[in-house]
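Let's take a friendly walk through this structure, one step at a time. Have the sequence and the 3D view at hand as we go.

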Amino acid sequence: MGQQGLYRKAISVAVLFVLVLSSTSMLRGVHAATPSSGTLSETSQSVTWTGATYAAMANADPSTCPPSTDPMNTLCDHFFLTINLASDFWTTHTGTVTITINWPSGANDFDLYIYRQSDGQLVGSSTLGGGETQEQVVLVSPIPGNYEARITPFLVTTSSYSGSAVLTFTNGGPVPNPTFATGGIAFGPATIVDPQRTEGEPLVHIDQFGNIWESGPWGFSTAQGFVARSTDHGDSFHIVSPNGLRPNPTVAGGGDSDIITDNQGNAYFADLEGLAAVGVAVSNDQGNTWRENSLSSALPLDDRQWLAVDNGATSATTTIFLTYRQIPGGSQVLSSPGSTGPTSTGGLVYTNAATTTFVAGGAPCGRLTFDPVQRNLYLPCLRTDHVEIAKAHVNPGQRTGLHFSLVETPTSPGGAVGHLFSSLTVDLAGNVYVVWVDTNNNNVYLSTSKNAGNTWSTPLQVNGNPANTNVMPWAVAGTKGTVDIVFYGTSTRGDPNSFPSWLNSRQAATGVKWFTYFVQVQGATTGNPTIYQVRASEHPTDYGQLCTQGLGCTVSGGDRTLADFFSVAIDANGAAHIIINDLTNQHHGAALFELTQVAGPTAIGTTLTQTTPNTATGVTDPAGDAQLPHYSPAGAGPNQPALDLLSIRLSQSDISRLTVTLQLASLASLVPPAGSNGMIWLTRWQFLSAGDGGEESYRIFYVGANSTAGVTPTFFAGTGTSATPTTGLVPGDGCVTTTPQNCKIIVYPNEKVETGTIDTLTGTITITVPLTDIGSPILGDTLFSVTALTFGYITHNPILQDADATRAFDYVLGQTSMPTNCPLGTTCKVTGGGYIIVDQQQDHGSFSIEVTADPSGRISGKVAYQDHSTGLDFRTALITSAMFGSTSVSIKGTGTANGTTTSFQISVQDNGDPALGPDNFSITLRTGYSKSGVVQGGTIEIH
């Protein structure tokens with residue numbers, strides 16, 4: 001889509017909402033799309049139609065008018081397109097289907113949405129920002145079948161439109177991407193940044209002291225945005241807040257956020273206050289206290305703010321720059337002196353830094369960057385086919401009167417730029433680099449300027465196979481000619497917006513696997529650069545659709561869980577630190593992790609050698625780092641010896657159990673910290689398992705101990721269930737949601753009672769759990785990012801008070817008992833359905849079952865059961881055991897009964913021939929419910 005539509009959608013929500021609500025009373029014309037349908041094929045490669053005429057209409061929401069509820073085209077117009085091609089056509093051809101609408105006057109505004117009718121998926125949209133007379137969607141290699149073009153009159157007075165769809169293709173499959181060497185670059189296991197709060201678009205910043213800051217929004221529905229901080233080079237992070245919330249409380253907020261520091265150690269935070277304004281905050285004491293100004297922007301209706309710093313010799317000579325997109329005017333750049341102390345307004349009160357009100361008209365605009373070498377300020381913004389950069393020279397001490405000019409990068413090789421922000425960075429010699437994604441071929445390109453943006457190099461493709469479709473690039477440069485670049489990439493080719501959405505079809509979405517990629521370009525200022533590429537993430541970090549339409553995703557129902565970007569920074573040793581979202585957990589929550597470069601060449605010319613290799617069984621942790629809280633107006637709280645982790649170790653005493661051993665500084669007293677009711681010792685990890693809809697998932701599992709009011713701990717294990725697939729009507733017990741399937745707070749319910757010991761003399765906690773209680777991992781499975789964490793807690797508050805965390809490590813399972821007796825190398829399966837009689841009134845207990853043990857011994861599938869007499873609705877969430885006999889199968893695991901998590905055991909009997917007797921079904925839940933009986937109205941089959 002045209003990225004300007006990202007911002008125009010903000011108007012649709014904030015300004016035109018009243019028009020949408022009253023749209024049914026507005027006037028429209030007398031006819032719909034003519035003809036109403038058409039077909040594209042190899043022999044008929046174009047269709048045209050004339051659209052409906054609207055007398056007066058405003059509709060910003062295509063979800064109000066699907067054909068089934070808008071048969072008279074009252075709220076929008078519909079054209080039905082059939083792409084009649086062989087199912088394997090795109091394996092031997094390369095091409096697109098281009099759908100275009102045109103209308104006479106820029107005073108009117110239509111929007112274009114394309115839906116795939118087989119699953120209702122929005123596969124493309126074009127919603128440019130007004131003043132244009134055309135919208136266009138290009139579908140790359142679209143799946144053959146039926147589509148709907150839904151045209152909404154965003155704001156129209158007496159106008160029609162004309163539409164066309166054109167199939168273009170060439171013989172031969174997609175052009176193969178190059179393959180790049182890794183260069184020896186490697187990243188360690190992912191470090192948990194926050195074990196509970198989920199954030200999209202995390203931003204990372206490393207200050208001059210080596211502390212790593214992270215910031216991200218929690219969403220407008222929460223009015224929260226968070227800051228986390230690591231003081232141990234990324235081994236652990238802690239929330240920068242005394243109460244677990246944002247640093248500058250406000251009634252709005254939760255939108256885009258940013259954080260930087262100056263060379264005096266002051267921190268500057270910015271957050272979007274519900275599109276109404278930009279809020280800022282300043283801390284002079286490393287995050288313990290914050291002062292705020294929630295109305296720092298000059299004009300309302302703001303979006304995507306960024307901060308930059310021009311460091312002076314003192315805070316008084318330092319300048320903080322703030323930019324944001326004012327809708328619909330353009331980008332503004334403001335400035336403020338640096339903060340000189342607790343009474344200073346520096347960093348809080350901003351004035352216009354430019355000689356004009358607006359410095360750029362393109363959108364969206366990437367992060368504002370100040371180059372201390374050439375003393376230039378750069379703001380990169382997307383135009384249709386290239387990046388446009390607003391540039392101003394800043395004299396020492398200058399804060400206002402900046403003259404911005406526009407410089408243009410070369411046209412992108414594919415002819416379109418987007419998939420969210422471009423990224424601009426400068427190296428230590430003042431060379432400028434811009435990276436972007438071309439939305440027509442989904443490749444990442446780099447262009448270099450050695451003369452402050454006056455001229456640019458030919459775009460260089462920097463992604464290689466298997467990163468064939470890519471989004472959200474971010475770059476950071478080091479020494480002359482070297483630049484590090486990160487992006488999310490998948491081997492699946494196509495428009496990220498058209499992939500199956502996890503929110504609509506979890507299993508279909510997992511067919512598209514996204515990884516975090518890291519690229520290093522050396523010699524970028526020469527004619528012969530070297531490119532290294534590596535998967536920085538050990539496993540996929542997301543599945544399926546990535547909606548890149550900004551606020552338009554909310555309107556269209558797209559999956560925007562990742563939001564709009566992620567980022568990378570380099571430390572004093574040159575190591576890259578990437579803050580990412582991992583959505584492959586069972587909740588699809590945007591869990592925060594940090595990836596640290598541990599080996600290979602760096603952006604500053606050094607070479608890293610891994611000095612702390614991943615330990616096979618555990619890690620140690622420094623003493624004295626379990627303050628609670630870590631940040632508060634009074635400073636850090638006292639160290640809590642009972643929560644102060646010294647080491648964690650995993651072991652297997654036999655093939656059916658796993659033991660976790662935690663060493664604490666002291667367990668002589670279990671009295672909870674001040675302000676807490678109790679303490680929790682938790683060890684968590686993720687491994688390749690099944691989600692609650694039977695989909696592939698790197699599911700979260702955990703074991704722990706819980707002490708309330710100083711009593712002897714109890715021991716537990718669990719995984720937590722997600723919201724009901726597709727609908728989210730039942731939220732599950734593993735995450736607090738604000739809207740259906742929108743995970744906001746990951747929690748750790750005590751689902752299984754386990755065996756454990758606490759040794760107060762040695763400060764050791766030991767917990768041993770059956771493998772069946774933690775998802776039944778099998779031989780060779782990797783438990784990713786094993787981390788021990790400790791917390792204080794307040795009863796009934798889902799937000800825990802973080803105290804300590806160990807460095808993450810991976811653990812590979814040795815010999816294990818298998819969760820099934822199905823012989824390795826074969827597949828065993830049970831299917832069926834029907835009902836049993838559950839009471840004397842002949843009420844039914846209806847069921848459906850489909851469970852498979854694959855050749856590796858992994859179990860997949862699901863069982864559903866409903867008791868119509870009691871209203872019980874049971875669904876399996878995780879099947880941990882399936883034992884097959886010649887005529888019977890026994891299945892165990894966890895599920896939900898009317899939304900409450902419970903363990904279960906289900907047994908079925910397949911008697912094959914009715915002459916041998918009827919089939920049988922029985923179910924027992926931990927809740928106490930138990931029923932069994934003869935199967936009626938169906939059958940059981942063991943395959």
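Which residue in strand 10 is the bridge partner of Thr-98? It is Val-166. Keep in mind that you are looking at a predicted model. Strand 5 covers residues 93-102 and strand 10 covers residues 162-171, and the two pair in the antiparallel sense over ten bridges. Both belong to an open sheet of four strands, with the order 2-10-5-8 and antiparallel pairing. At the edges you will find strand 2 (46-50) and strand 8 (134-140), each of which pairs on one side only. From one strand to the next, the twist averages 15°.

Now move along to strand 29 (residues 417-426). Ten of its ten residues are buried, so this strand is largely enclosed by the rest of the structure. Its antiparallel neighbour is strand 30 (residues 432-438), joined to strand 29 by six bridges. Here Thr-425 stands opposite Tyr-433. The two strands form a hairpin with five residues between them, and Gly-430 in the turn has a positive phi of about 90°.

Next, look at the charged side chains. Side chains of opposite charge can pair when their charged atoms come close. The structure holds 16 salt bridges. One of them links Arg-304 with Glu-201, with the closest N and O atoms 3.3 Å apart. Arg-304 lies in strand 21 (residues 302-310) and Glu-201 in the loop between strand 12 (191-194) and strand 13 (203-206), so the pair ties together parts that are 103 residues apart in sequence. Both Arg-304 and Glu-201 are buried.

Note on methods: Residues numbered from 1 in each chain as written. Predicted model: local features only at pLDDT ≥ 70, side-chain atom pairs only at ≥ 80, totals over all residues. Heavy atoms only, no water. Pairing = 2+ DSSP bridges. Axes fitted to C-alpha atoms, helices over the stretch in contact; angles between N-to-C directions. Buried < 20%, exposed > 50% of the residue type's maximum accessible area, 1.4 Å probe, protein only. Salt bridge = Lys/Arg side-chain N within 4 Å of Asp/Glu carboxyl O.
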